[in-house]
Amino acid sequence: MTGSGINSVLVIRTVNRADGLTYKCIGENEYGNDERLIKLLVVEVPSRPMNVRVKDAWSRSASIVWSSPFAGNSPITSYIIQYWRKNSNEAGQSAQNHRRQEFTVSGTQTSALLTNLLPALTYEASVIAENQVGRSEPSENIQMTTGEDEPTAAPSDVTVEARGPSTIRVAWKVPPSETWNGKLLGFYIGFRPRGAMNNIDVNQMGGATSGAFSYRTIEYIKGQQVFETFLTNLMKGHEYEVVVKAFNNVGSGPESHLMAVKTFQGDLPASPSLFAHQVTHSSISLRWTYPSRAQSVSNPIKRYVLYYQRQGDDSWLEIGIPVEERIRAPSHNQQQEGTNGQSAGYSISDSGTTSYLLSGLDSGSAYKIYVVAVNQFGSGDPSNMVTTKTEQINGINDSLRASGPHSAEMNVFEMNKQFQLFMVVPVICTIILVVVIVSAVLYCSRRMQTPPAQHVVTSQQPQAQGSTGTWGPDGPMQVGQRYVELDKGGILKNNNLLFTGTQNSDHNSSGHPGGNQGHYPLPYGTMPMNSVVISDQKSWDRQSNAPLKPLVTHIYDSPI
């Protein structure tokens with residue numbers, strides 16, 4: 001309550017956009033009533049822009065548009081456009097500098113142009129509205145891809161060299177991937193004769209003129225960094241200028257530095273024919289022939305270069321073989337030291353056939369070999385490649401590897417001596433063992449087939465009935481082995497052996513008839529042997545008229 005009236009206040013503790021309405025205040029007394037309308041505006045940040053899209057995209061710029069959002073009961077003063085690089089380029093490498101960038105346009109605009117973009121890249125962008133209260137939430141992200149553009153860098157490390165009277169080799173490296181500006185398709189190799197050459201037929205120069213380049217195309221191989229090509233059908237002994245440039249779907253990039261090269265005045269050597277003649281555990285004997293039609297007195301071959309590589313190795317080893325020194329006798333081959341410290345012998349015959357012994361190799365290893373002829377103008381085409389494997393000898397390979405590459409100082413003759421020892425000694429031992437075994441078998445077989453020798457003994461004839469150790473009726477009795485053989489019936493098989501029993505009856509003490517008839521004694525029976533003498537006594541051991549000397553009497557058990 002004041003002097004001027006009553007003050008009424010309406011307080012809304014939490015205000016949101018729904019509270020922005022028109023409020024009516026009514027006053028009434030005894031004289032009547034009155035009212036007034038009060039409009040409440042809730043001022044806030046704008047809503048985020050809607051319908052953001054890409055209108056156009058070029059190689060280095062793009063245009064986007066959007067719809068104006070709710071301003072938040074306050075005029076939009078500006079729009080902020082944010083953009084950043086999203087993914088990798090066409091080279092497959094991660095794009096650099098992903099920092100978010102932004103710029104501002106007037107609040108009355110609903111479009112913007114993004115500039116300073118890079119070709120063939122994908123970007124993302126969003127739009128933010130701003131008023132006096134603050135900034136809105138960013139809009140949804142949109143993607144845009146810029147178009148391709150010509151490469152902006154030339155190939156690097158370009159080298160050119162003559163490879164013959166009509167051939168030039170060109171090599172180069174791929175330019176940096178960020179300068180491709182799209183998908184790299186290949187390279188243009190331009191060449192032309194150097195200087196004024198108006199008096200030369202254009203057809204003889206491979207289509208080139210003195211002012212314009214003739215181009216040849218080389219396709220790009222993904223992942224490869226170094227390329228090379230050969231320009232052929234050129235003129236002999238002429239100087240050429242060569243340039244290289246990259247190209248994509250849009251066009252070609254800048255040219256490389258101009259390179260000059262001159263073709264040879266003469267011809268390069270032809271390709272030799274190579275073959276392996278003989279292989280050992282540590283060496284390979286090679287032979288190659290050079291075509292007789294390709295030999296020239298004015299352009300002779302200076303040397304050969306032998307290239308070889310062991311299976312599994314990355315690098316090739318080479319050995320230079322001079323041609324001037326001709327060695328007639330293969331047994332006195334000159335020892336040539338290779339680039340890897342291995343020694344080898346070579347010989348060259350008058351017929352043009354070259355023999356070479358590549359030694360110091362590992363046993364049981366496969367090798368690739370080819371040879372190149374060289375004259376004063378350069379190296380010719382390589383020969384056919386020969387792939388061969390050294391023989392496997394146990395222990396040799398490990399010993400050579402353990403001693404290092406310089407262990408090959410042992411010549412081929414010494415290696416052959418070791419090889420002979422490894423082969424001859426086991427063979428000789430095997431032969432001796434076989435002879436011993438065969439001899440033992442024959443000896444045992446002979447002993448088994450030969451019957452045992454019989455010893456003959458004699459005994460005196462008995463003088464009285466019933467006496468033991470008597471003589472037989474015909475004189476001394478011959479006796480065989482102590483235990484004689486029996487047949488299956490139990491009868492003595494040796495008829496010369498006679499035993500006497502009692503003669504006073506028809507039956508002897510054993511119950512068998514015929515007391516004087518030889519018979520087999522009873523078990524555990526005893527036989528007097530007081531008159532038994534050995535009949536094989538020599539005549540010179542006793543007197544000529546002396547009787548046989550009886551042996552001492554012994555009694556033995558005679559088993560059955």
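Buried means under 20% relative accessible area, exposed means over 50%, and partly exposed lies in between (1.4 Å probe, protein chains only). By that rule, buried residues make up 35% of the 560 residues in the protein.

This is a predicted model: local features need pLDDT of at least 70, side-chain atom pairs count only at pLDDT 80 or more, and totals for chains, interfaces and linings use all residues. Residues are numbered from 1 along each chain as its sequence is written, and side-chain values use heavy atoms, with hydrogens and water left out.

View 1. Helices (H or I, at least four residues) and strands (E, at least two) are DSSP runs, numbered from the N terminus. The protein exposes about 34,700 Å². Carbon and sulfur atoms supply 51% of that area. Accessible areas come from the Shrake-Rupley method with a 1.4 Å probe; for residues, only the protein chains shown count as cover. Contact means heavy atoms within 4.5 Å. Among contacts between residues at least 6 apart in sequence, 60% join residues at least 24 apart.

**View 2. Strand β19 pairs with strands β20 and β24.** Two strands pair if DSSP finds at least two bridges between them. Strand β19 covers residues 303–310. Six of its eight residues are buried, so the strand is mostly covered. On one pairing, β19 meets β20 (residues 317–322) in the antiparallel sense over six bridges. Y308 stands opposite L317 in β20. The two strands form a hairpin with six residues between them. In the turn, G312 has a positive phi of about 100 degrees. Strand β24 (residues 366–375) also runs antiparallel to β19, joined by eight bridges. Here Q309 has K368 as its bridge partner.

**View 3. S78 is a buried residue in strand β5.** The strand spans residues 78–85. What is the relative accessible area of S78? The value is 10%, so S78 counts as buried. Which residues is S78 in contact with, leaving aside its neighbours within four places in sequence? They are T104, V105, S106, G107, I128, A129 and E130.

**View 4. N51 and A120 each have a positive phi without being glycine.** Most residues other than glycine have a negative phi. N51 has a phi of about 55 degrees. N51 lies in strand β3 (residues 50–57). Is N51 buried or exposed? At 54% relative accessibility, N51 counts as exposed. A120 also has a phi of about 55 degrees. A120 sits in the loop between β7 (111–114) and β8 (122–130). With a relative accessible area of 11%, A120 is buried.

**View 5. D157 and K173 form a salt bridge.** A salt bridge is a side-chain nitrogen of Lys or Arg within 4 Å of a carboxyl oxygen of Asp or Glu. Side chains of opposite charge can pair when their charged atoms come close. A search of the whole structure finds 13 salt bridges. In the bridge between D157 and K173, the closest N and O atoms are 3.3 Å apart. The pair links distant parts of the chain, 16 residues apart. D157 is in strand β10 (residues 156–162), and K173 is in strand β11 (residues 168–173). K173 is partly exposed, at 37% relative accessible area.

**View 6. R194 forms salt bridges with E239 and with E241.** The side chains of E239 and R194 meet at 2.8 Å, N to O. That pair is 45 residues apart in the chain. E239 is in strand β15 (residues 239–248), and R194 is in the loop between β12 (184–193) and β13 (214–219). E239 is partly exposed at 32% relative accessibility, and R194 is partly exposed at 43%. In the bridge from R194 to E241, the closest N and O atoms are 3.6 Å apart. These two residues are 47 residues apart, with E241 also in strand β15. E241 is buried, with a relative accessible area of 10%. Elsewhere, salt bridges that share partners join E161, R163, R169 and E228 into one network.
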